[in-house]
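This report goes through a structure from one of its sheets up to the whole assembly. Please keep the sequence and the model open while reading.

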There are 2 protein chains.
Amino acid sequence: MEKNNAGIDIGGTNLRCGILGEGGTVKSRLSVSFPKSLNEAEKQVDFIIGNVKQFLSANEKYGVKSIGVGIAGQIDDKTGSVLFSPNLNWHEVPLKYILEKETGLDVYIANDLTAITFGEWKFGSGKGEDNIICIFVGTGIGSGIIIDGSLYSGCSNASGEIGHITIVSGGRKCTCGNYGCLEAYAGGLGIANIAKERAAADINGFKNIINAAGGGIDGISAETVADAYKAGDKKAAELIRETGVYLSDGVISAINLLNPCVIILGGGVIDGIPGLYDTVKNEVGKRALKASISKLRILKSGLGGEAGIIGAAGLAAMHAMHCL
Amino acid sequence: MEKNNAGIDIGGTNLRCGILGEGGTVKSRLSVSFPKSLNEAEKQVDFIIGNVKQFLSANEKYGVKSIGVGIAGQIDDKTGSVLFSPNLNWHEVPLKYILEKETGLDVYIANDLTAITFGEWKFGSGKGEDNIICIFVGTGIGSGIIIDGSLYSGCSNASGEIGHITIVSGGRKCTCGNYGCLEAYAGGLGIANIAKERAAADINGFKNIINAAGGGIDGISAETVADAYKAGDKKAAELIRETGVYLSDGVISAINLLNPCVIILGGGVIDGIPGLYDTVKNEVGKRALKASISKLRILKSGLGGEAGIIGAAGLAAMHAMHCL
């Protein structure tokens, strides 16, 4: 029987599982949405356990030896507990303990961006590189950092929160409580909030965006802005151009501070909004310190939506000392 | 005869030399100002050579084995050449080659903040710590980074440029060519520029600051703002309060991105403006991510103005494999 590692990606809306194959391939996969009725941590954990067990038994032939989990939130790296997950509203959930008890397998819990970054580093766009910042833009913005050939987790396992660097001093209020954070301007939620405010003040000018959102301002999201933009809407184009500049402010800050060899850009907002990646590349070339970009490459995610599964399984393999 | 290491700190206005003693002490020191007539790299290098040779021969009894140099600018870590030093307007100066030829000693060249950070890490406020960001605020703002117990130099030896992270998107033009950089707001030059602009628009309101500057707007500097503040001037107090918030924006950004264990704050602006350190401490406590500061300590520089000499000598000792 083969010896394999499974990866689990717990997002705010979806649960995804996969078996890591050779060279970063995924052999078998499962993707399910959290039912909206599951609004308590206990029920969500039960839902996760049920699906993971089903996935494992459907893939018994792969002989899964360990499970890696990537989840948005702060992880206690000693205990594998989820200290706080804002998306799921979890507080102090002993996820490693629960999953090990339920599956009988070794379980390793990581922050979602840590898992993604590990995946991109070992199997994706960062392969063979020693100094990487991997930035994913979705509802929020997060990053993972490889420094001198090691995953850098920080003093309390909380590094990489690039979404919460200040790009507009005293600016828009962020979900974290601070003001002017990068993700309040260039994350999916930030883009949607800015579009909603502007649409409310200029319903006629924003009619294409409002129509793309089904006719109501409340329905506006980063996706509907992207849809209006693709259909040629000028207000959407203006907003997306600004988003690109804001995102570049954050990326340039990280480049000037850390002088990485590679920046990897990924996530739903990067994948879903055409031109955003090119804007960042251009702005970095124009505005970052010349000394900081002399060897820099800016790349798109190589693993896309499966980076989380692949990276989590890879981390589990590394920590359980099973071969990668 | 003893075996010692010398440190040289080449600033924009002063040249300082010292012999590193045990535990980060300085046994003998020399500080001279660059004559203003020396406005070419060649003449400045001659001035440096002359003074270093004199310093070494006056301290012959210490048996100096190697020399470390800290200089503001970008260093080629392979050749020890100064690729570019904005303060001195040096381009491609082979400083290591020249100093080794002239002194017959091993010479190690480092960026000034790299030297300072190494000094603070080995002998100052960062002693025993593995994850440190050491931020010095003078005319500009720079930092050095210790990651997991190693000095982090980046992909092209250019890491730590915290002065050039964006805190005001599209804001004040910075000397680097970009807009909205931290040092354009909270560095000594930035503070002076903001004060000059405000004074020009409100001569009466700024009369105390103008008086502290000798009666002319052109004479306003961060020091004269600090002097007016200490004498109770309200406009100066307002400006310094804002400076503290801007500086905090940058420090918080670095904390959220890198989750260090220790932040060290030093340099002329921190030492010269009362309350700035406390403002940063308070703002970080209020506005940084809770997960990022759970183990964080914010400390003042332990070595003060001698951090550069001590760190440069320490780096030389480490690289020449002489005992520290």
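Which strands does helix α1 of chain A lie across? Helix α1 (residues 41-58) of chain A lies across β1, β2, β3 and β4 (64-71) of chain A, and runs at about 25° to β2(A). Axes are lines fitted to C-alpha atoms, for helices over the stretch in contact, and angles run from 0 to 180 degrees between N-to-C directions. Two residues are in contact if their C-beta atoms, placed from the backbone, lie within 7 Å.

## Basis of the model

This is a predicted model, in which local features need pLDDT of at least 70 and side-chain atom pairs count only at pLDDT 80 or more, while totals for chains, interfaces and linings use all residues. Residues are numbered from 1 along each chain as its sequence is written, and chains are lettered from A and ligands numbered from 1 in the order in which they are written.

## The five-stranded sheet

In chain A, five strands form an open sheet of mixed pairing, in the order β3-β2-β1-β4-β8. Strands β3 (26-33) and β8 (106-111) of chain A stand at the edges with a single partner strand each, so one side of each is left without a neighbour in the sheet. On average, neighbouring strands of this sheet are turned by 15° against each other, direction ignored.

Strands β1 (residues 4-10) and β2 (residues 14-20) of chain A pair in the antiparallel sense over six bridges. In this pair, A:N5 stands opposite A:L20 in β2(A). Two strands pair if DSSP finds at least two bridges between them; helices (H or I, at least four residues) and strands (E, at least two) are DSSP runs, numbered from the N terminus.

## Chain A and its domains

Chain A has eleven helices and 13 strands. Buried residues (20 or more other C-beta atoms within 10 Å of their own, C-beta atoms being placed from the backbone) make up 55% of its 324 residues.

An automatic or database domain assignment sets the domain bounds: chain A is divided into domain 1 (4-120 + 305-319) and domain 2 (125-301). Twelve residues of domain 1 of chain A are in contact with 18 residues of domain 2 of chain A. On the domain 1 side, α3(A) gives the largest share, six residues.

## Two copies

Chain B superposes on chain A by a rotation of 180° with 0.0 Å of shift along its axis (RMSD 0.0 Å). The two copies are thus related as by a two-fold rotation axis. The superposition is by least squares on the C-alpha atoms of residues with pLDDT of at least 70 in both.

How values were computed: Buried ≥ 20, exposed ≤ 12 C-beta atoms within 10 Å, placed from the backbone.
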